[in-house]
Amino acid sequence: MSNERKVALVVGANGVIGRNLVEHLSTLPEWEVIGLSRRGGTDSDRVRHVAVDLLDAEDTRARLSGLTEVTHVFYAAYQDRPSWAELVPPNLAMLVNVVDAIEPVAENLAHVSLMQGYKVYGAHLGPFKTPAREDDAGHMPPEFNVDQQQFLERRQLGKRWTWSALRPSVVAGFALGNPMNLAMVIAVYASISKQLGLPLRFPGKPGAYDSLLEMTDAGLLARATVWAATDPRCANQAYNINNGDLFRWSEMWPKIAAFFELEVAPPLPMSLEVVMADKEPLWEAMVAEHGLEPHSYSEVSSWGFGDFVFSWDYDMFADGSKARRAGFHEFVDTEAMFLDIFADLRKRKVIP
């Protein structure tokens with residue numbers, strides 16, 4: 001249906017992934033875009049927003065009942081919880097509620113795209129087989145990514161629509177108030193270090209500084225997501241999506257420091273969630289001094305996620321060749337990605 005009218009329902013439209021997907025789709029003339037989120041958003045010529053509580057099945061049905069024109073669901077919503085087991089009920093329920101609401105009313109529904117990650121491979125639990133591949137054996141639950149895919153597999157049987165699952169590494173891009181935003185973590189940490197006259201120290205676990213890892217640019221992921229949702233060869237398949245290069249923090253960290261005109265000191269393991277907890281007054285003073293946009297400290301800080309990523313003292317990467325074999329050949333240089341995001345944050349006056 002490459003030349004037919006397509007209507008995208010982007011679920012989780014204000015997150016790093018959803019925001020960049022909305023922006024990409026809005027540049028494609030054959031697409032209309034509807035963004036779903038708890039907070040809603042500002043409508044434009046190409047995008048309209050719907051505020052909805054996806055954990056409320058009745059509210060979801062009521063607010064989505066009129067979206068009969070939807071052809072593609074792009075699911076990128078996420079609810080954070082303190083433990084892996086607690087993540088399962090809300091994140092599975094939100095997907096179920098969306099499909100339960102849309103499938104009966106959208107008679108031209110063609111595809112449901114599910115955003116996953118390397119948790120499917122057990123990457124969050126400890127050292128795992130690398131490079132991870134889409135057909136690797138599963139691991140002991142709980143894991144909501146797996147439950148979500150199994151739900152779609154069961155629901156799709158005998159239906160006209162198909163599904164795809166995208167598995168990015170750590171996703172980097174612009175979004176405020178997002179619990180999983182590593183680029184923002186680094187940018188605010190570096191800005192505060194500079195304000196205090198400190199060098200930029202890597203705060204992660206011993207061993208994490210020299211482990212191999214990769215990233216996924218949010219723009220690249222958006223393009224891959226649309227590709228997988230519209231190429232018939234990708235029907236009912238999962239794909240690892242990454243930038244295509246590997247790096248070590250020991251090489252990347254000095255380049256990040258140079259962008260912020262900071263010296264690099266030896267790594268020092270520390271919990272960002274702990275040491276940055278008292279920095280809100282300092283941040284507010286920086287906002288005033290540097291004329292930054294008045295974003296709250298909570299909007300620009302994701303310290304717990306930073307601690308999580310910087311704790312990986314083992315290799316963290318997957319094989320992206322399945323997507324290339326199926327026709328998606330784009331790549332992004334990770335160093336350039338980081339520096340571009342930092343420059344964008346400065347341009348937006350989010351950081352000094």
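Mentor: Begin at Lys349. This residue comes just after helix H13 and has a positive phi of about 60 degrees. Keep in mind that this is a predicted model.

Now the helix itself. H13 covers residues 334-347, which makes 14 residues. At 1.5 Å a residue, H13 should span 20 Å, and its end C-alpha atoms are 20 Å apart, so expectation and model agree. The N-terminal end is capped by Asp333. There, a side-chain oxygen of Asp333 sits 3.3 Å from the backbone nitrogen of Glu335.

Next, the sides of the helix. Buried in H13 are Thr334, Met337, Phe338, Ile341, Phe342 and Leu345. Viewed down the axis of H13, these buried residues stay within an arc of 130 degrees, so they line one face. Asp340 and Lys347 are exposed, on the face of H13 turned away from the buried side.

H5 leads on to the core. The largest nonpolar core has 77 residues. Within this core, Trp249, Trp253, Trp283 and Phe310 touch the most other members. H5 is its biggest contributor, giving ten residues. Take Trp283 as a case. Beyond four places in sequence, Trp283 touches Val188, Ile192, Leu292, His295, Tyr297, Val300, Val350 and Ile351. A separate core of 31 residues lies apart from the largest one, and its members include Val11, Leu64, Ala106 and Val112. In soluble globular proteins, nonpolar side chains tend to be buried together.

The loop between E6 and E7 holds Ser169. Is Ser169 buried or exposed? Its relative accessibility is 9%, so Ser169 counts as buried; the cut-off is under 20%.

The strands come next. E6 (residues 162-168) pairs with E10 in the parallel sense, over five bridges. Arg167 has Asn240, in E10, as its bridge partner. E10 runs over residues 237-241, and four of these five are buried, so the rest of the structure largely encloses the strand.

Finally, compare a helix elsewhere in the chain. H1 (residues 16-25) is mostly covered, with eight of its ten residues buried. Those buried are Val16, Ile17, Gly18, Asn20, Leu21, Val22, His24 and Leu25. Ser26 sits in the loop between H1 and strand E2 (31-37). At 23% relative accessibility, Ser26 counts as partly exposed. The side chain of Ser26 reaches back to the backbone oxygen of Glu23, at 2.7 Å. Past its neighbours within four places in sequence, Ser26 is in contact with Val33, Arg46 and Val47. Val50 is 24 residues from Ser26 along the chain, and their C-alpha atoms are separated by 16 Å.

Definitions and conventions. Residues numbered from 1 in each chain as written. Predicted model: local features only at pLDDT ≥ 70, side-chain atom pairs only at ≥ 80, totals over all residues. Heavy atoms only, no water. Helix = DSSP H or I, 4+ residues; strand = E, 2+ residues; numbered from the N terminus. Expected span 1.5 Å × (residues − 1). Buried < 20%, exposed > 50% of the residue type's maximum accessible area, 1.4 Å probe, protein only. Arc of directions from axis to C-beta. Polar contact = N/O pair within 3.5 Å; in protein donor to acceptor, adjacent residues only side chain to side chain. Core = buried A, V, L, I, M, F, W, Y, C linked by side-chain atoms within 4.5 Å. Contact = heavy atoms within 4.5 Å. Pairing = 2+ DSSP bridges.
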